[in-house]
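User: I am new to this structure. Please take a close look at one part of it, the charged and aromatic side chains, and walk me through their contacts.

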Amino acid sequence: MTAESITADASGTWKLGDLPVHRLGFGAMRLTGSAAFHHGTPSDRERSLTVLRRAVELGVNHIDTAAFYFSSLRSANELINTALSPYPDDLVIATKVGPYRDHDGEWGTPARPDQLRGHVEENLRQLGRDHLDVVHLRRMGQESIAEHFGALAELREAGLVRHLAISEVEPRHLAEALEIAPVVSVQNRYAVDRPDTVGDEVLRLCGEHGIAFVPFYAVAGAAGERGATSAHADAVLSVARAHGVSPAQVRIAWTLHQGPHVLAIPGTGDPDHLAENVAAGALRLSEDERVRLDAARNRAA
């Protein structure tokens with residue numbers, strides 16, 4: 001099969017609460033420009049709209065976004081609204097709140113608990129929704145997330161949010177959140193070239209609790225918000241050659257092999273890269289390949 005003929009259902013499914021999604025989703029950060037946030041140059045609008053529509057055609061039904069995903073000319077939420085509204089019944093849009101960027105694109109003071117309603121309402125306005133499917137509280141370095149997460153739990157009770165989630169957390173923060181309300185997803189930075197014992201423990205705990213673990217920058221690696229990395233371990237390159245695929249596809253496949261509860265949300269503004277990313281959901285790694293990739297990750301420590 002060619003990459004263009006493989007759909008997201010090849011990656012399997014998981015439930016975010018009561019919402020079933022394919023494990024291969026889409027991250028909207030790359031839609032707005034050549035690099036995320038205020039870096040790089042703005043994207044071509046029609047190309048970004050094409051990517052979103054093509055993603056849904058390829059079976060993607062889980063899109064990750066945020067109101068703070070914007071460049072000087074493009075807003076990820078506005079692009080999603082324009083391209084996909086009225087939304088397909090099975091499409092799950094996950095967003096995140098907490099961080100704040102001003103109109104110049106610079107990072108401002110993260111939201112206080114009493115300001116989170118404004119963040120939620122801004123996402124609702126931009127997306128054209130009357131509720132948000134999943135909202136992640138993005139921890140911004142605070143020791144405790146209880147007050148912030150409690151504020152989101154109140155918005156869930158009010159019907160503005162269907163399911164709650166958290167991001168950039170340690171095990172203690174997950175335990176803290178679970179004392180307040182159900183958690184359906186945890187988003188942490190996690191990648192094949194980034195040893196992370198804390199992340200490993202969060203991943204394990206999520207599996208125990210039936211919570212989705214959703215790595216970000218799994219393809220970007222050390223490059224982070226500036227784009228996909230070009231620095232790949234020899235093990236990644238070797239596995240890519242063996243399967244006749246790109247290193248990025250191996251990175252996505254490794255992510256999905258970390259457990260049935262692990263979801264992938266690679267982002268791109270390129271239709272061809274989109275098809276490759278979705279096709280990675282069908283890539284099956286052998287036990288030997290997984291051992292070699294894990295060993296390379298451990299050596300990077």
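Analyst: Arg 129 lies over the face of Tyr 87, 5.1 Å from the ring centre. This is a predicted model. Asp 133 forms a salt bridge with Arg 129, and the closest N and O atoms are 3.2 Å apart.

The charged end of Arg 101 is placed over the ring of Trp 107, 5.6 Å from its centre. Trp 107 belongs to an aromatic cluster with Phe 37, Phe 68 and Tyr 69.

Now the aromatic pairs. The whole structure holds seven of them. In one, the ring centres of Phe 37 and Trp 107 are 5.0 Å apart and the planes meet at 75°, so this pair is edge-to-face. Where do the two residues sit? Phe 37 is in the loop between β3 (26–27) and α1 (45–57). Trp 107 is in the loop between β5 (92–97) and α3 (116–127). The pair therefore ties together parts that are 70 residues apart in sequence. Phe 37 is buried, with a relative accessible area of 5%. Trp 107 is partly exposed, at 38%.

Phe 216 and Tyr 217 form another edge-to-face pair, 5.2 Å centre to centre with 75° between the planes. Phe 216 is buried at 12% relative accessible area, and Tyr 217 is buried at 15%.

Back to salt bridges. The count comes to 20. Arg 54 and Glu 57 form one of them, with the closest N and O atoms 3.1 Å apart. They are three residues apart in helix α1, so about one helical turn separates them. Arg 54 is partly exposed, with a relative accessible area of 28%. Glu 57 is exposed, at 56%.

Asp 193 and Arg 251 meet in a salt bridge as well, 3.1 Å from N to O. This pair links distant parts of the chain, 58 residues apart. Asp 193 is in the loop between β8 (185–189) and α6 (197–209), while Arg 251 is in helix α8 (residues 247–256). Asp 193 is partly exposed, at 27% relative accessible area. Arg 251 is buried, at 1%.

Some bridges share partners. Such bridges join Arg 139, Glu 143, Glu 170 and Arg 172 into one network.

Key:
Residues are numbered from 1 along each chain as its sequence is written. This is a predicted model: local features need pLDDT of at least 70, side-chain atom pairs count only at pLDDT 80 or more; totals for chains, interfaces and linings use all residues. Side-chain values use heavy atoms; hydrogens and water are left out. Rings of Phe, Tyr and Trp (its six-membered ring) pair if their centres lie within 6.5 Å; planes under 30 degrees apart count as stacked, over 60 as edge-to-face and the rest as tilted. Helices (H or I, at least four residues) and strands (E, at least two) are DSSP runs, numbered from the N terminus. Buried means under 20% relative accessible area, exposed over 50%, partly exposed in between (1.4 Å probe, protein chains only). A charge sits over a ring if NZ of Lys or CZ of Arg is within 6 Å of the ring centre and within 35 degrees of the ring normal. A salt bridge is a side-chain nitrogen of Lys or Arg within 4 Å of a carboxyl oxygen of Asp or Glu.
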